[in-house]
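Dear colleague,

Please find below the structure that I am handing over to you. My notes on what was found in it follow directly after.

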Amino acid sequence: MNYISKDYNGLTKTIAELIGGLEVKVDTIGFANDLTTFRGKNDVLTLMIHLGYLAYDSEKKTVHIPNEEIKLEFQRSIHEVKHEATLKRLAESEQLFADTIRQNEDAVAAQIEKVHAEETAPLHYNKEDSLRSVIKLAYYTYRDHYLQFEELPAGEGYADIVYLPKHDSDWPILLIELKWNQNAQGAIEQIMQKKYPAVLQDTKREILLVGINYNKDAKAGNKKHTCKMSLSR
């Protein structure tokens, strides 16, 4: 609890992402190899590796929480130390899932826009590949209910992002298609035209089609992100 509550730049966000199931980059070079000398977020994460609370991928130079038991320890710790910023991020992600399942298109678009603005550097904000990363960050608590797949072979193409419910979850399948400078309804139409849901029919689950579009040329005061949804059975 003492380590993850340190006031280092970026640590709060990283702890939230780890609890949400993401892998995050870490720089282990320069770690003092003791329990008292810390210069920033990377030293805390490196110590967590040594203590066994995080698993390290030496090829990708990333860390992640290795199992459900340790994830629960992290969750308990942030509540006990009142890690308010982390709790807020987790709550926002949970709310996004709730808004998605209720098909609240405006709320989903607004949250995606918020995460895009907060988490993307201005230099990369208008790059097409950043939108996929934004979606994954926004929905990062998916592991409580879902398995995540990217570029899933489906029908006559590849579905951008699919969240497949775990066996003990009664939530619908989420099939998300992303568009750039087009429109969200067009994303839904592409899902149907290319028959993406067909690969998921045997699951006997409801399939919620989610189309998200980012329009970088939207005028000031207009929403840059839009969302359309449709239920497929």
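This is a predicted model: local features need pLDDT of at least 70, side-chain atom pairs count only at pLDDT 80 or more; totals for chains, interfaces and linings use all residues.

**Backbone, rings, pocket and sheet**

Glu151 is found in strand 4. Although Glu151 is not a glycine, its phi is positive, at about 50 degrees. Most residues other than glycine have a negative phi. Glu151 is partly exposed, with a relative accessible area of 36%.

Lys204 is another residue other than glycine with a positive phi, near 60 degrees. Lys204 belongs to the loop between helix 7 (184-193) and strand 7. With a relative accessible area of 74%, Lys204 is exposed.

I turn next to the aromatic residues. The structure contains 10 aromatic pairs. One of them joins Tyr146 and Tyr163 in an edge-to-face arrangement, with 5.9 Å centre to centre and 65 degrees between the planes. Distant parts of the chain are linked by this pair: Tyr146 sits in strand 4 (residues 146-154) and Tyr163 in strand 5 (residues 157-165), 17 residues apart. Tyr146 and Tyr163 are both buried.

Trp180 and Tyr214 make up a tilted pair, at 4.6 Å centre to centre and with 55 degrees between the planes. Trp180 is part of strand 6 (residues 173-180) and Tyr214 of strand 7 (residues 207-214), so this pair ties together parts that are 34 residues apart in sequence. Trp180 and Tyr214 are buried as well.

Ring pairs also build a cluster, which consists of Phe97, Tyr139, Tyr142, Tyr146, Tyr163 and Trp171.

The volume of the largest pocket is about 420 Å³. Its lining comprises 18 residues, of which Glu17, Leu22, Glu23, Val24 and Leu137 are the closest to the centre. At least two lining residues are supplied by each of helix 1 (11-19), strand 1 (24-25), helix 6 (128-138) and strand 4.

Glu17, one of the residues closest to the centre of the largest pocket, has its place in helix 1. Its relative accessible area is 9%, so Glu17 counts as buried, the cut-off being under 20%. Leaving aside residues up to four places away in sequence, Glu17 touches Leu22, Val24, Leu137 and Tyr140. Leu22, Val24 and Leu137 are also among the residues closest to the pocket centre.

Helix 1 as a whole is mostly covered, with 7 of its 9 residues buried. These are Leu11, Thr14, Ile15, Ala16, Glu17, Leu18 and Ile19.

Lastly, there is an open sheet of 3 strands, in the order 1-3-2 and with antiparallel pairing. Strand 1 and strand 2 (55-57) stand at its edges with a single partner strand each, so one side of each has no neighbour in the sheet. Strand 2 pairs with strand 3 (residues 62-64) in the antiparallel sense over 3 bridges. Within strand 3, His64 stands opposite Ala55.

With kind regards

Definitions and conventions. Residues are numbered from 1 along each chain as its sequence is written. Side-chain values use heavy atoms; hydrogens and water are left out. Rings of Phe, Tyr and Trp (its six-membered ring) pair if their centres lie within 6.5 Å; planes under 30 degrees apart count as stacked, over 60 as edge-to-face and the rest as tilted. Helices (H or I, at least four residues) and strands (E, at least two) are DSSP runs, numbered from the N terminus. Buried means under 20% relative accessible area, exposed over 50%, partly exposed in between (1.4 Å probe, protein chains only). On a 1 Å grid over the protein atoms alone, a cavity is a set of points where a 1.4 Å probe fits but cannot get out, and a pocket is an open set with protein on both sides within 12 Å along at least five of seven lines; lining residues have an atom within 4 Å of a point. Grid points are joined across faces, edges and corners, and a volume is the space filled by probe spheres set on the points. Two strands pair if DSSP finds at least two bridges between them. Contact means heavy atoms within 4.5 Å.
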